[in-house]
Amino acid sequence: MAKFLRSLCFVLLVVATAAAQPDIISLSSPTAPRSSRLLIQGAGFGSGQGTGQVDIGGIAAPVTRWSDTLIAAYVPEASATGTVLVQVITSSGASSNTVPVGVTLRDLPGRIRWRFQADADYIQSRPAVAADGTVYAIDADGHLYALAPDGALIWIFNATGTGFGNVSASPDGTIYVGSTSSIFALAPDGTLKWQFRQNPGSFILLGPNVGPDGNVYAVATQGIGVFSLTPQGTLRWAVPEEFSRPIVTLQEIVFAAAPRSQLYFHANDHFRSYGLDGTPIFTVVDGLPQDNHQPVVSPDGSVYTNLFDARGPGLMLGKFDGNGNSIWHVFDKFVTSTNTLSTPDVGSDSIVYDGRNLASLYSFNPGSSIRWQYVDSGILFAPIVSPNNDLIFVGGVVTFGQPGFFEAISTSGVALWKLVLPVENGLNIIPMSRARFTPDGQTAYIGTSIPGQTSDGYSYLYSVQTGSGVPVGTTLSTFTLTPATVVGGNASRGTVTLTAPAPSGGALVSLTSGNSAVAAVPASVTISAGATSTSFTVNTSSVNAVTAVQLNASYAGAIVSATLTVQPAAAPPPPVQPVLSSLTLQPSLVRGPATSQGTVTLSGVAPAGGVQIKLASSNNNVATLPASVTVQAGATSATFTVQSKRVRTATNVSISASLGAVVIRATLTVRR
């Protein structure tokens, strides 16, 4: 019995050990660039990360999600290129099997310098840029990413809670983020300095944002209200802020220009200002917010915000002084109604910009007169003026349900360039956050969303070159199609061109189709070293209706697009129906009673089923004939008999044959 019990215990120990052993089953991709997301699927990882880690090439990888069967990790920027091993070590210290992954370099810079894949469906919060150039972005699931200016991932902090607000960088290097339950302060190396727990928690959080005095400000609706924290995380003051519909999900707290010391926000049913010591300065009662009422402060101290008056002019852009006095408002005096507004922004020269009715961008002088109106073919989002005051950067979409784009419009109202974003897995990448420029105006950072994802959602933070200089390095210039319109089943010729000759080893250009079932492209083409372009075949399939397919080419961070229109094949023309061409009688003179043979002839062969020709006599008492005669299929003529009768005097009878609108007559003379 003792021996049996020892054997049983040994078996149970082996089973328990096997059950606890983590096992990697698959990776989301056999290759992955540095700083990219890698999904690790398997079993036995444990319900949470705890002290566990993922090693990629022997280096601990940043992690955003950890469950018993799935881990979302990021390839360390320090990983060696080539084949390295991935391994999971659980909190209990158990090590998984190793699985190889091919680590590659990140893309070289182009107009799109780089894009970073976040582990959530969208990035709504505006990115922040620290004094040292580090870029911070927080996604919808609270993952805060610290990225080097070249797109290399530095660290990830996973904030707890829901309803995440802004990310704000302090001059001292501290980074602040928040949720509806907490405010987090992080050191530049990503370690948590402190966490302030809101009590009660808020329904919606606006901010947090660092004020000019170094303190932190936020608005927690239906929570502790408008409040301020010291850089050490101590509550300075709080005043109530109730919630009114509709929901304002995200907004930055903005601050007055020196020497004034006050903050502004626009939420619920009012535009409001407080002193930085918590003293109320003004409240402007507004209609319930429509669209985004993010305020913006001008260098001259004025404040601009969109307004809504349901009983009066509706949507409009308003200008206020620091005491809340209305200076002017526009759009309400336009002849056409204003259905939607974007968010305003102000340049260093105090010129204000705002989007109206989806496709129009307006520029206003400080006195409210219109400088210009730019009308785009697409839908524009959230204009942001460059610090250099030379261009306005906007996001947008081609139209509803179509791909997004980035566009630069000069401060004189002229379109400078537009980059259409690619379609990935049949889904569109759409700009979502307001853009953030670097202080030198050379780069803009902007978050996106990818609607329609069902699992393991992701989105991108884009770094876009906005400076006037030529993008560094060789990148894509154009993508053309010849012809750009084809009948389904026929091919088109695509050509991709670089800005400079391809480097040694050639340039591998990736190709994708927004609808590969209609228009298929190769996965990639190579432009030979020293060449600037190459061509390839785009094969199409038959379609029932005109179908536009967006094709994308990407290389060195740049993405260019071309649209191929595929038309249905034209239906074959209906067969030409023959017409009646002649009617003859042989003989045409008879002595009654006698017979004559009539012949009808068509202009062509009769189709299947034959052609029936109607016959008639003008005098059936003298000459009779059948009511019709049929020209058989494939024949061109048919005969019939005319029977004449005895007459006392010579009589002329008109014999007629008709087919459709064509009637031909012949005369039969009957003599006695």
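Start by selecting lysine 418 and glutamate 407, whose side chains meet in a salt bridge at 3.9 Å, N to O. You are looking at a predicted model, so treat each stop as a feature of that model. Lysine 418 belongs to strand E38 (residues 415–420) and glutamate 407 to strand E37 (residues 404–410), so this pair ties together parts that are 11 residues apart in sequence.

A search of the whole structure finds 13 salt bridges. For the next one, select arginine 126 and glutamate 252, whose side chains meet at 3.2 Å, N to O. This pair links distant parts of the chain, 126 residues apart: arginine 126 sits in the loop between strand E10 (112–118) and E11, and glutamate 252 in the loop between E22 and E23. Both arginine 126 and glutamate 252 are buried.

Arginine 436 lies in strand E42 (residues 436–437) and glutamate 252 in the loop between E22 and E23, so the pair ties together parts that are 184 residues apart in sequence. Glutamate 252 counts as buried because its relative accessibility is 9%, and buried means under 20%.

Now a stop with several residues: select Arg37, Arg65, Asp119 and Asp456. Salt bridges that share partners join these four residues into one network.

**Backbone stops**

Stay on aspartate 456 and turn to its backbone. What is the phi of aspartate 456? Phi is near 50°, a positive value in a residue other than glycine. You will find aspartate 456 in the loop between strand E43 (443–449) and strand E44 (459–465). At 27% relative accessibility, aspartate 456 counts as partly exposed.

Serine 368 is the next selection, with phi near 95°, again a positive value in a residue other than glycine. Look for serine 368 in the loop between strand E33 (360–364) and strand E34 (370–375). Serine 368 counts as partly exposed, at 24% relative accessibility. As background for these backbone stops, most residues other than glycine have a negative phi, and most peptide bonds are trans.

With that in mind, select asparagine 199 and proline 200. The peptide bond from asparagine 199 to proline 200 is cis, with omega near 5°. Proline 200 is found in the loop between strand E18 (192–197) and strand E19 (204–210). Then move along to glycine 207 and proline 208, where the peptide bond is also cis, with omega near 0°. Proline 208 lies in strand E19.

**Aromatic rings**

How many aromatic pairs are there? The count comes to 31. To see one of them, select phenylalanine 203 and phenylalanine 243: their ring centres are 4.8 Å apart and their planes are at 75°, so the pair is edge-to-face. Phenylalanine 203 lies in the loop between E18 and E19, and phenylalanine 243 in the loop between strand E22 (235–239) and strand E23 (254–255), so this pair ties together parts that are 40 residues apart in sequence. Phenylalanine 203 counts as partly exposed, at 42% relative accessibility.

**An open sheet**

Last stop: switch to a cartoon view and select E11, E12, E13 and E14. These four strands form an open sheet in the order E11-E12-E13-E14, with antiparallel pairing. Its edge strands are E11 (128–129) and E14 (153–158), each of which pairs on one side only. Zoom in on strand E13 (residues 143–147) and E14, which pair in the antiparallel sense over five bridges. Which residue of E14 stands opposite alanine 146? Select tryptophan 155, and you have the residue facing alanine 146.

Conventions: Residues are numbered from 1 along each chain as its sequence is written. This is a predicted model: local features need pLDDT of at least 70, side-chain atom pairs count only at pLDDT 80 or more; totals for chains, interfaces and linings use all residues. Side-chain values use heavy atoms; hydrogens and water are left out. Helices (H or I, at least four residues) and strands (E, at least two) are DSSP runs, numbered from the N terminus. Buried means under 20% relative accessible area, exposed over 50%, partly exposed in between (1.4 Å probe, protein chains only). Two strands pair if DSSP finds at least two bridges between them. Rings of Phe, Tyr and Trp (its six-membered ring) pair if their centres lie within 6.5 Å; planes under 30 degrees apart count as stacked, over 60 as edge-to-face and the rest as tilted.
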